[in-house]
Amino acid sequence: YGLTKLTQGQLCGVLSSSEAAQILGTPTIAPQFANRLGLGITCEWMKSSGSSTELYAGLSTIIDWHGAKAIDQLLKTTPATIGGHPALEAGPQAINDYALVHVALGGDHDPAVEYRAPTMAIAVKLAQTVTPRLLALPH
């Protein structure tokens with residue numbers, strides 16, 4: 001669970017502003033980091049402050065890959081592979097207005113990273129870009 005202790009610079013640093021803008025298709029404001037009361041960390045690259053047009057990467061300290069798979073059963077997910085790692089993808093649905101990709105970072109009881117984006121193509125591109133960079137960080 002070392003990756004769940006990344007700093008703002010580490011997590012938000014896995015994607016430059018120009019890369020975020022290229023993936024999202026629009027300029028973004030400075031990435032917004034959050035430590036969710038010890039429950040996990042997130043970084044969001046938003047079109048503008050408060051915008052729902054964003055790229056999102058999150059690591060939970062309480063939901064591992066096994067838990068993510070269980071939660072994803074509520075969504076219409078498709079199995080996938082991102083950088084050689086098992087993943088589950090779900091397009092925007094009534095329950096959420098964004099595409100979602102969960103990527104396993106190890107075994108069932110290791111963390112999973114959650115990516116969100118406006119479309120599945122953008123979410124997959126984000127996951128493909130960020131996952132290997134996360135795994136390369138010291139943890």
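Biologist: What makes Arg116 count as sitting over the face of Tyr56?

Modeller: In this predicted model, Arg116 lies over the face of Tyr56 at 4.1 Å from the ring centre. The distance cut-off for a charge over a ring is within 6 Å, and 4.1 Å meets that part.

Biologist: How many salt bridges does the structure hold?

Modeller: Three. One of them joins Arg133 to Glu19, with the closest N and O atoms 2.7 Å apart. Arg133 belongs to helix 4 (residues 120-136) and Glu19 to helix 2 (residues 17-24), so the pair ties together parts that are 114 residues apart in sequence.

Biologist: Why are Arg133 and Glu19 called partly exposed?

Modeller: That label covers values between 20% and 50%. Arg133 comes out at 31% relative accessibility and Glu19 at 23%, so both get the label.

Biologist: How do you know that Asp108 and Lys69 form a salt bridge?

Modeller: Their closest N and O atoms are 3.0 Å apart, which is within the 4 Å limit. Asp108 lies in the loop between strand 6 (99-104) and strand 7 (111-117), while Lys69 is in helix 3 (residues 65-72), so this pair ties together parts 39 residues apart in sequence. Asp108, at 34%, is partly exposed, and Lys69, at 29%, is partly exposed too.

Biologist: What makes Cys12 and Cys43 a disulfide?

Modeller: The sulfur atoms of Cys12 and Cys43 are 2.1 Å apart. The cut-off is within 2.5 Å, so the pair counts. The structure holds one disulfide.

Biologist: Which parts of the chain does the Cys12 and Cys43 pair link?

Modeller: Distant ones: Cys12 is in helix 1 (residues 8-12) and Cys43 in strand 2 (residues 40-46), 31 residues apart.

Biologist: Why is this disulfide called right-handed?

Modeller: The torsion about the S-S bond of Cys12 and Cys43 is about 120 degrees, so the disulfide gets that name.

Biologist: Are the two cysteines buried or exposed?

Modeller: Cys12 has 6% relative accessibility and Cys43 has 0%. Both values fall under 20%, so both residues count as buried.

Biologist: What is the strand order in the sheet?

Modeller: Seven strands form an open sheet in the order 1-2-3-7-6-5-4, with antiparallel pairing. Strand 1 (32-35) and strand 4 (78-82) each have a single partner strand, so they stand at the edges, and one side of each is left without a neighbour in the sheet. On average, neighbouring strands are turned by 20 degrees against each other, direction ignored.

Biologist: How do you know that strand 1 and strand 2 pair?

Modeller: They share four bridges in the antiparallel sense. Pairing takes at least two, so four is enough. For example, Ala34 has Thr42 in strand 2 as its bridge partner.

Definitions and conventions: Residues are numbered from 1 along each chain as its sequence is written. This is a predicted model: local features need pLDDT of at least 70, side-chain atom pairs count only at pLDDT 80 or more; totals for chains, interfaces and linings use all residues. Side-chain values use heavy atoms; hydrogens and water are left out. Buried means under 20% relative accessible area, exposed over 50%, partly exposed in between (1.4 Å probe, protein chains only). A charge sits over a ring if NZ of Lys or CZ of Arg is within 6 Å of the ring centre and within 35 degrees of the ring normal. A salt bridge is a side-chain nitrogen of Lys or Arg within 4 Å of a carboxyl oxygen of Asp or Glu. Axes are lines fitted to C-alpha atoms, for helices over the stretch in contact, and angles run from 0 to 180 degrees between N-to-C directions.
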